[in-house]
Amino acid sequence: MNQPGNPLHGLTLEAIVTALAAHYGWQELGRRINIRCFTSDPSVASSLKFLRKTPWAREKVESLYLFMLRDIKRQAGRQDGV
């Protein structure tokens, strides 16, 4: 299915979790989305295992990823204007 304009299209869940962990760090990620796979001995592998079985948690992760992309874009625009 072609989804032009969908920033999640073509991204794996692993890529999303990895990008969030790199951007926020596990501690902040666990603060923003309070689920055990982010707060107790977090890893990409344990997070993927949980998120693949838990649609509501996956939705939260995808929403935070989209927020992160908008935030990065906004910050880049601010730096360009300075």
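**A tour of the salt bridges**

Begin by selecting helix H2 (residues 26–32), which holds both Glu28 and Arg31, three residues apart, or about one turn of the helix. Helices here are DSSP runs of H or I with at least four residues, numbered from the N terminus. The model is a predicted one, in which local features need pLDDT of at least 70 and side-chain atom pairs count only at pLDDT 80 or more, while totals for chains, interfaces and linings use all residues. Residues are numbered from 1 along each chain as its sequence is written, and side-chain values use heavy atoms, with hydrogens and water left out.

Now show the side chains of Glu28 and Arg31, which meet in a salt bridge at 2.7 Å, N to O; the term means a side-chain nitrogen of Lys or Arg within 4 Å of a carboxyl oxygen of Asp or Glu. Glu28 is partly exposed at 21% relative accessibility, whereas Arg31, at 59%, is exposed. (Buried means under 20% relative accessible area, exposed over 50%, and partly exposed in between, with a 1.4 Å probe and protein chains only.)

Then move to helix H5 (residues 55–81) and select Asp71 and Arg74, three residues apart. Their side chains meet in a salt bridge at 3.4 Å, N to O. Is Asp71 buried or exposed? Asp71 counts as buried, at 19% relative accessibility, while Arg74 is partly exposed at 42%.

How values were computed:
Helices (H or I, at least four residues) and strands (E, at least two) are DSSP runs, numbered from the N terminus.
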